[in-house]
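Dear colleague,

I am handing over to you the structure below, and after it I have set down what was found in it. Please read the notes with the sequence and the model open beside you.

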Amino acid sequence: MSRKKAKRKRSATETLGLVALGIFVVAIIWLAFFTSPQGPGQTTTVTRATEFTLTDVDGNVFRLADQRGKVVVLEFMRTTCGACITQEPYLRELRSRLGNDVVMVMISVDPTGDTDGILRSHRDENVMGWIAIRDTAQIYKEYSVQATPTIFIIDKDGYIRYRHEGVTQSSILISEVETLTK
């Protein structure tokens, strides 16, 4: 008895699965060969930092415009943000290495939960020497902050040179600030 090989038709699910697999492979190849090699969250576009004036938790008025001639590190954060807590040792290292050459500012994007007292205590216990500000004017929107922590490094002329979303190693931050302080 001769057996005929039956041609099996692929089901719609199998065909859809193969198409999806093909699209996935093409996407991986595209990402590997045709995207920018810049670091995660790092900006390469130089833009003027949005000016703002806010009162810090100690009652002092902070104007970004008054910082011209200095490198400024702005960290948009929340005291209840786990990634922000993870970021703090890296920021302390940056402060200990370059504290005199840089103005360091933490801006809480949760001005209701992070009261002046909570933010002041957090600063004093974790990042001594920083200027701590509650974002009562929603400055984070002007800077297009979508996640915390987001760190901006602003040069002496008021231009954003670096932007990092998420936890960023101190070696990266130190290197970037050092290039701007020379």
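From the N terminus on, the elements of the chain follow the order α-β-β-β-β-α-β-α-β-α-β-β-α, which gives five helices and eight strands. Please keep in mind throughout that this is a predicted model.

Six strands form an open sheet with mixed pairing, and their order across it is β1-β8-β7-β4-β5-β6. The edges are held by β1 (47–48) and β6, each of which has a single partner strand, so one side of each is left without a neighbour in the sheet.

Within this sheet I would look at β7 (150–154) in some detail. How many of its five residues are buried? The strand is mostly covered, and the count is five of five. Thr-150, Phe-152 and Ile-154 point one way from β7, while Ile-151 and Ile-153 point the other way, and the residues on both sides are buried. The strands β7 and β8 form a hairpin with four residues between them, and Gly-158 in the turn has a positive phi of about 90°.

A search of the whole structure finds one cavity of 30 Å³ or more, and about 60 Å³ of space lies in the largest cavity. Its lining includes Ile-154, Asp-155, Lys-156, Asp-157 and Gly-158, together with Ala-49, Glu-51, Leu-64, Gln-67, Arg-68, Lys-70 and Val-72. By type, the residues of this lining divide into four nonpolar, two polar and six charged. One of the lining residues, Gln-67, is placed in the loop between β3 (61–63) and β4. Is Gln-67 buried or exposed? Its relative accessibility is 11%, and because buried means under 20%, Gln-67 counts as buried. Leaving aside residues up to four places away in sequence, Gln-67 touches Phe-62, Val-72 and Val-103.

Most residues other than glycine have a negative phi, and most peptide bonds are trans. Against that background, a cis peptide bond joins Thr-148 and Pro-149, with omega at about -5°, and Pro-149 has its place in the loop between α4 (139–142) and β7. Ser-144, which lies in the loop between α4 and β7, is not a glycine and yet has a positive phi of about 55°; with a relative accessible area of 43%, Ser-144 is partly exposed. Gln-138, found in the loop between β6 (131–134) and α4, has a phi near 55°, which is likewise a positive value in a residue other than glycine. At 39% relative accessibility, Gln-138 counts as partly exposed.

Finally, a note on a helix residue. Arg-92 is found in α2 (residues 82–98) and, at 37% relative accessibility, counts as partly exposed. Which residues does Arg-92 touch, if those up to four places away in sequence are not counted? They are Asn-126 and Val-127. The C-alpha atoms of Arg-92 and Met-128 are separated by 8.2 Å, although the two residues are 36 residues apart along the chain.

With kind regards

Conventions:
Residues are numbered from 1 along each chain as its sequence is written. This is a predicted model: local features need pLDDT of at least 70, side-chain atom pairs count only at pLDDT 80 or more; totals for chains, interfaces and linings use all residues. Side-chain values use heavy atoms; hydrogens and water are left out. On a 1 Å grid over the protein atoms alone, a cavity is a set of points where a 1.4 Å probe fits but cannot get out, and a pocket is an open set with protein on both sides within 12 Å along at least five of seven lines; lining residues have an atom within 4 Å of a point. Grid points are joined across faces, edges and corners, and a volume is the space filled by probe spheres set on the points. Ala, Val, Leu, Ile, Met, Phe, Trp, Tyr, Cys and Pro count as nonpolar, Asp, Glu, Lys and Arg as charged, and the others, Gly among them, as polar. Helices (H or I, at least four residues) and strands (E, at least two) are DSSP runs, numbered from the N terminus. Buried means under 20% relative accessible area, exposed over 50%, partly exposed in between (1.4 Å probe, protein chains only). Two strands pair if DSSP finds at least two bridges between them. Contact means heavy atoms within 4.5 Å.
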